[in-house]
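Me: I am new to this structure. Please take one part of it and walk me through that part closely, in short steps.

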Amino acid sequence: MSTTTTGADARDEEPRPGGPADSPFVRACRRQSGPHTPVWFMRQAGRSLPEYRAIRANVAMLESCRRPDLVTEITLQPVRRHGVDAAILFSDIVVPVAAAGVDLDIVPGTGPVVAEPVRTLTDVERIRPITRDDVSYVDEAVRMLVAELGATPLIGFAGAPFTLASYLVEGGPSRTHAKTKAMMYGQPELWHALCGRLAEVTLEFLRVQVAAGVSAVQLFDSWAGALSEADYRRFVLPHSAGVLAGLADAGVPRIHFGVGTGELLGAMGEAGADVVGVDWRTPLDAATRRIGPERAVQGNLDPCVLFAPWPVVEAEVRRILEQGRAAPGHVFNLGHGVLPETDPDVLTRVVALVHELSAESGDRG
Ligand code: CP3
């Protein structure tokens, strides 16, 4: 039997006791018991940390994502500072799209901006399938991180086809996703061609991360909540399901997350997730009723609550832990990413509180 520990081989083996695949975070994703409820924060690596801002002072965002030394350091910063139960790779959802040949930039304070928005089939065909060599810096960074992190699991991630398509079709961030929806409704063949190509790129990007040793993956469909359930099922779910199915035998849990997706939680689980991310609008017990007993849940703390006085934060943490008991597995997290103005000390206190309360109450994690 193989003794390598890459994700692809790990599926046939019992997780090594004390290793990342046996960590409280991975166990909760798999709906197994653990010593405490695991906690990490979406966008934990980033602008709320002064040590991050110092590193990024003279380096553009995309460039920092392409430098394994910087990726490693930025990914480790929140682990050192907060004692979270998982690291998330420092990168961005548009990194693989840029590697596929799309001319884009990440503009501070705005987000991804695409030079020539996708309008035609020719534009779609210009998005090349990627290989490991196109993102070798990610492969390298993940390997360095896995070596540094020891027992702490590393989460790999990618953007889901709808959210990526929205940036590519709009040319940048959009409140209404009007051009995206116009393509979806008006040119369904073009839409499916675009999402099919993005699903290929995304799947390969995640496979590179799994082969390099990540312990879980999260597929961010941040803007899927802009759609009705019927449209989500028709225009989006098949493509996200293709990505998640492509990782079914990878041996790592798959988390699927979007914002404003209360009506989509069941469908997002059906797309092939082991863990469904929940924003702050739907309590975790209600979310679990929609998702069913086969999947764990993650999320729910409103990132804005972190600006409230500590007793308010504490009450919210207690509420979420309590409601999370209704789920077959619970990973504590925010309902969306850490906002840049957040006081990092509050995040550190939340981690300690989640650990303390859940260890006391014997929560499964
Ligand atoms: O979670 C982490 O700590 C890992 C790093 C991470 C980043 N982007 C770093 C980043 C992750 C997981 C992402 C994912 C991402 N990127 C998503 C999905 C998650 C979500 O928030 O819904 C989306 C939609 C994007 C696209 C994107 N990139 C946006 C909206 C922005 C913010 C623009 C801004 O400046 O307000 C970015 C830039 C970005 N990605 C930053 C970071 C740390 C800020 C860049 C900077 O520091 O200059």
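Reply: Start with a crossing of two helices: α8 passes α11 in a right-handed crossing. This is a predicted model. Helix α8 covers residues 136–149, and helix α11 covers residues 188–212. Two packed helices are described by the angle between their axes and the distance between the axes. Here the axes come within 8 Å and cross at roughly 30°.

Now look at who meets whom. On the α8 side, the residues are Val138, Asp139, Val142, Arg143 and Val146. On the α11 side, they are Phe205, Val208, Gln209, Ala211 and Ala212. Sorted by type, the residues of this contact give seven nonpolar, one polar and two charged.

Stay on α11 and move to Leu198. This residue is placed in helix α11. Is Leu198 buried or exposed? Its relative accessibility is 0%, and buried means under 20%, so Leu198 counts as buried. What does Leu198 touch, leaving aside neighbours within four places in sequence? Its contacts are Ile127, Pro161, Leu164, Ala165 and Leu168. Leu198 and Val124 are 74 residues apart along the chain, yet their C-alpha atoms are separated by 9.1 Å.

Helix α9 spans 161–170, and α10 spans 178–186. The loop between α9 and α10 holds His177. With a relative accessible area of 5%, His177 falls under the 20% cut-off and is therefore buried. Residues up to four places away in sequence aside, His177 touches Ser166, Glu170, Trp223 and Ala226.

A record covers part of this region. UniProt, in an unreviewed entry, places the feature "domain: Uroporphyrinogen decarboxylase (URO-D)" at residues 38–47 and 155–171. Residues 155–171 are 59% helix and 29% strand. The end C-alpha atoms of that span lie 28 Å apart. Residues 38–47 are 0% helix and 0% strand, with end C-alpha atoms 23 Å apart.

For contrast, turn from helices to a hairpin. Strand β2 is residues 104–107, and its side chains alternate. Leu104 and Ile106 point to one face and are buried. The partner is strand β3, residues 111–114. The two strands run antiparallel and are joined by four bridges. Across the pair, Leu104 stands opposite Val114. Three residues lie between the strands, and in this hairpin Gly109 takes a positive phi near 80°.

Notes: Residues are numbered from 1 along each chain as its sequence is written. This is a predicted model: local features need pLDDT of at least 70, side-chain atom pairs count only at pLDDT 80 or more; totals for chains, interfaces and linings use all residues. Side-chain values use heavy atoms; hydrogens and water are left out. UniProt positions are given in the numbering used here, feature names are shortened, and annotations may be inferred rather than shown by experiment. Buried means under 20% relative accessible area, exposed over 50%, partly exposed in between (1.4 Å probe, protein chains only). Two strands pair if DSSP finds at least two bridges between them. Axes are lines fitted to C-alpha atoms, for helices over the stretch in contact, and angles run from 0 to 180 degrees between N-to-C directions. A crossing is left-handed if the near helix is turned anticlockwise from the far one by less than a right angle, and right-handed if clockwise. Contact means heavy atoms within 4.5 Å. Ala, Val, Leu, Ile, Met, Phe, Trp, Tyr, Cys and Pro count as nonpolar, Asp, Glu, Lys and Arg as charged, and the others, Gly among them, as polar.
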